[in-house]
Structures are given as C-alpha cells and as structure tokens.
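Here is my note on the packing in this model. Please read the points with the structure open.

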Amino acid sequence: LGLTLYAGQLCAVSAADFLYHDYCVIGAGPSGLQAAYFLQRAGRDYIIFERSHAPGSFFALYPRHRKLISINKRYTGKSNSEFNLRHDWNSLLSHDRKLLFQRYSHDFFPDADAMVRYLEDFASLLKLRVQYNTAIVHVMLEKDRQAWNGHYFLLTDQDRQNYKCSSLLVATGTWVPNVVNFPGSEYVEGYETVSINPEDFAGQTVLILGRGNSAFETAENILGVTNFIHMVSRSRVRLSWATHYVGDLRAINNGLLDTYQLKSLDGLLEGDLEDLAIIKDKKGKLHITLRFYLENRNTSGGIDSITLPQDELDNFATRAPYDRVIRCLGWKFDFSIYNRSLRMMPGKGNKKKYPQIKPSYESRGTRGLFVLGTASHSVDFRKSAGGFIHGFRYTTRAVHRLLENRHHGVPWPSTVYPITQLTNSIIKRVNEASGLYQMFSVLADIILLRENATAFEYLEEYPVGVLAELEMQTGRKAPGGLFVIIMEYGRNFSGADKDVFYYNRAVGEAQHAWQSNFLHPVIYFYKQLPTEREMRLQHPDWPLPRPDAVHHIVEDFLTDWTAPNAHILPLRRFLENCLSTDLRNFFAESCFLFAFTHRKLPPFCRQGYMRLQGLLGSEGLRRHAVEAGLLEDYTLTDFLGDGTPDNHKGSQDQLLRDHVIPVRPLQHLVNAKDE
C-alpha cells in the first residue's frame, strides 16, 4: 500500500520537476565509469548517480583483507597495448595511456586501495559527469509513445529529487550480502563486519560458512593463529585452474587446502546450510546440530535438553564446539529500488543473485534498461569473465555500440578489406585482441562477405548470443556468408572434477586441432545468418549453432598463433574451401603467367597485379623465390626463342627495369588448373 501511495505521489509531480538526461547510469563503479567514458566520447547526454562521495565505493570496503585477485602483469615481452590488456585485469578502456593500472601498483595481486585511487583518477581526469552522494531509492516507468523505448525511466533519490531518462544503465554490481536463515543464525558474524585482525582469533576454533574466494581469503588471514578452521558449503570446492573460471577459488587463497589434505587439523565439509542449526552453551561455545533435531523439541531448557548429532553418532564431524562462526556467502543484486512496472526479476537456480537479462545485456522485462558489470554476469556465469573488470570492460563497450546504433543511427564500427587480406586479418586478431581472449565463448569477431566474396567487412567483439539479430543490432547487412571468430577451451577440459594436469594434455599437431584443450581460436562458417530458432535450439554447451563448416586453430603453448605450417596454412586452406577461391599471395611473374594460362586469375592477381599494384621486383627477390621453390626458374628463351646467354641476360634486365607489363587475361583460353 505504501509503494502504491508513493507511486501515486510521483505521478502527481509535474514534468517540470524532473531533471532530464538521455542516459542515466546508476553506480560509479568500474562498469559505470566505463559506460560513462564511451557516452562522453560519443558526445551523449548522460549522468551517473553514485550514492557514495567517491567512485568505486565497493572497493573501499572489499575485499576485507585488501588483496585483489585480479592480476596486474606489467611485463609481457611485447609492446602491443592491445595484447598487453590480455594480462592486465584491472585497467578500464580509454585513450589515455596514463590511465593504465600498472601506473598505480607494481604488485601482481594489487591492494584494493590502489583500485580506489585508480577509479578516482579515471573519473576526474576524464571529467566524467558523476553526481556523488546521490542514492537512487526508487525507479519506475512512465509510458510515452514519443520516448525512445515507448516509456521514460523516472528515478527518485534520497532527497526526493526526481530524474527522467530515456535509457537506464544499471551498474550497481552485486553488493547485498547473501544470508542464510536457520536456527541460531543470529550467532553468525558476517564477512562484511568480522574483524580482520588475526590476533582477535588467536587460540580460537572457527567455522566458516561458504567456499568462495571470500571464505578462503578469510581463512588465509587467520590460518596461522587458530586452533583449527572448518569450512562448510553445499558444493565441493571449485579450483579456478580446473574450471578455467576466474571467479572460482584462486591459488593465492587456497592455503587451507594444504592444511586439510596434509591433515593439519583444518577441514572442508559439504552440506546444505539451511539444514544446520547453531546452539550456544553457557560458556559461549557454539555447537553445530541439524535443524530436524530441534523440531518439536523444548529448547527452553538449554543445550542439555537438546539432542546433538554426536549423541547418536559419536564421531560426528563437527562435534567439537566453535568459538566463532563466520558467514562468507558472497553478494546478490539489490532488487528493492525497482518498481514492479520494470519487471526486474531474479534469475533461476545458481543465477538467482543476478537480474534476468538477454544476451544483449538488456532486461528481459523492460526495453531500454541495460545491466552492466558484475550484475550482468548471468549471461556467462561460470563460463567467461563477464563478472570481472577484465571482462565487462568489453561487454560494456558492446552495449554502447548497440545503443549507438539503436538510438543514434551509428552502425557498429567495421572495416572493409579485399578478400586477399582475410587470412592476415584473422591471424592478427587472434594473436592480439584482448576482448576475444578475455570474453571467450561470449564475444566474437564477425566477418561479413561482400561483393561475391571479393571483399569482406570486419566487425569486432560482437555478442554471439544475439548473432541472429546482427543486422538489426549493428546496422550492417549480411546478405551472404559469414565467418565467426571466437576463442574456446576444449569441450571436456573444464570442470571441478577435471584433472587438468594429466600427461599429454596438450595437442601440437594441426590435424588434431579439434581436440585442443587450452584456449584457442575457432572459426565458424555460415552460408547465411543463423535464425532465431537455430539459436534457441543450439546445444547448451555450444556457444553457437551448428555451422556449415568449422575450423580449430591448434592450441599453442605461447598463445602465439603465427606458425606458418601449424597455424596459418591450415587456416588459409579452410577459408579457401569455404569460399572456393585461392587466397595465396603471388609474385608478379606468377600473375603474369596466370594471365596467359588461366581463364580466371586468383584474387591476389586480380586485385593487385592487374591493377598495377604490388611489390616491385628485383633480381635478388626473384632469385630468393627460385631458391625457396616459390617460383620456377623460367628463362626468357621460352618467350623470345633465342637461347644465347647475352640475349637472355639483356632481356632479364629489360623485364626488371619495366616493372609493369600491361597484360590482360585472355578470356578465351581454356581454364587450366594450377598444379
């Protein structure tokens, strides 16, 4: 009733009382600042609302023990800035080289305070329009046919100031602690408030609820001062090196696994937390029991009147009492500020902590509402890096490009190349693109064939989940075939129960590339754009529907896919088979011969030699090609009919001086196959 009355009051406010912006961004965390950067560069009308006095307020408190698990690799041996972002998990995207995170910390695992300073500088140096100390407490819709999406978003802050915007970008992250209620849960301390001073735990016995990085981070901090630590969760531990998911347990925090497996008192248990109960005795010790032991029992008599599991099973695992119980169960999205008219619904199953969104990051319930950053992780939960800075900096850019096309008629950025550059373009991108590398199986490069496959249009880092909507979402036409370039791990190589260190785990031969386990490029070929139905019916473990052809570039120990025989040659032949054309490069002499012996010249000769383009020849270059077996050692006597050495040399010199020979292909000749 209160919400209804409040909504009625909002409706009574005149339009003049609303401050209008085309784009409203809620939250000045990393994803909010990243979105603002792209909006500002495009010259759009936007505002960011931040409830705190500074950006990145989440990092001012978390992680509690101040050690980030996002790597800060300052040296890679390469100067390519795009490649180096593959191993920089903290920087946001910008044109300013001063705003690389490596300038704020030299630590491989940086301190969270460095992230706070970085985000403050990112907002101030780029002059992003952030309105601080503004907590949005209510969001609702106002129907209007003239609006971009058929409605406006009406926002109200803590001071009852009202705002109106055409598009809403939610970048609040997940910050509401996950809490499990069970008998005795009032004795549990939360991760967000528990002491971080190890001395406060000296000589104590501790139970930790949870099994993520926050739980192990807490355990790591007190591992050396406690009697022992037990950890309980409903699922087994997931190691990030086995699942290849950076949100699972990282090596920097897994000291308790050593002490557990080496039998140094600490231990891990599996069980449903909702089945637990905690009872406090007269000495303040906490005893773990099961909920059903308390049902229909009189608890007023104290612990002595309650049956504990060890009364029936004398070796019950948690029979020893604990001094403290700490909850480390992560966070969830705050749905409380959104009116029911927005239909912001939680996901299902293990995604219920995130709002339901489409693969385009738009809300399933409301057009024009996009979710960015950690809160958008339902698209690739436990699959890729979309919940972390090094992933969502690219998905945020993708959302911006979608909005630019939808609202401002700016098509998705693309570059058109002649078909002869197809192999080189793919090799270049798979060797340096950071968006493909970090958002594997989620973002892909799209190659649209044009002009009867004599040219192609290259689009970078498009969300594959909306591939069927490519023409509508990008403003680019796909009348013919297309290639989709994506990065993938092996199908059966990732999982909590996988042994990823087994012997012969890597593949080195090109003919076995489809069995590659580690991250490697995969090229899908479609004769036409997949349909919505094909996207819906695709295999749940596949990033894309079944293609007309697929090619795996064999995994590489150095992630350097430039080997001529292992990487480039198989790729080129795959592309040639899909296009039924010859993508090789030729010397002018070969093109000259093809003009007399073939009905149709290879694309390289048509687009280069026949248009008076290409490299100028020299005797040294020709001799090198002959010695390498790339050219036949033709003599000019075959053409001139005079075999004398002087005439031969003089004619050669004449050809080397006359670099351009105006020859046209003889269309009436019978097509001859190039041996």
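1. Start at L155. Beyond its neighbours within four places in sequence, L155 is in contact (heavy atoms within 4.5 Å) with C24, I26, F49, I136, H138, V139, Q161, N162, Y163, C165 and L168.

2. Ground rules. This is a predicted model: local features need pLDDT of at least 70, side-chain atom pairs count only at pLDDT 80 or more, and totals for chains, interfaces and linings use all residues. Residues are numbered from 1 along each chain as its sequence is written, and side-chain values use heavy atoms, with hydrogens and water left out.

3. The largest nonpolar core has 66 residues. Such a core is a set of buried Ala, Val, Leu, Ile, Met, Phe, Trp, Tyr and Cys residues joined through side-chain atoms within 4.5 Å. Buried means under 20% relative accessible area (1.4 Å probe, protein chains only). L33, Y118, F122, V139, L155, L168 and Y338 have the most contacts inside this core. Helix α5 (residues 112-125) gives the largest share, 8 residues. Helices are DSSP runs of H or I, at least four residues, and strands are runs of E, at least two, numbered from the N terminus.

4. How do α2 and α5 pack? Helix α2 (residues 30-41) meets α5 at an angle of about 20°, with axes 11 Å apart. Axes are lines fitted to C-alpha atoms over the stretch in contact, and angles run from 0 to 180 degrees between N-to-C directions. The pair is therefore roughly parallel (under 35 degrees). P30, L33 and Y37 in α2 meet L119, F122 and A123 in α5.

5. L544 sits in the loop between α15 (532-536) and β22 (549-552). L544 counts as buried because its relative accessibility is 0%.

Note on methods: Buried means under 20% relative accessible area, exposed over 50%, partly exposed in between (1.4 Å probe, protein chains only). Angles under 35 degrees count as roughly parallel, over 145 as roughly antiparallel, 65 to 115 as roughly perpendicular and the rest as oblique.
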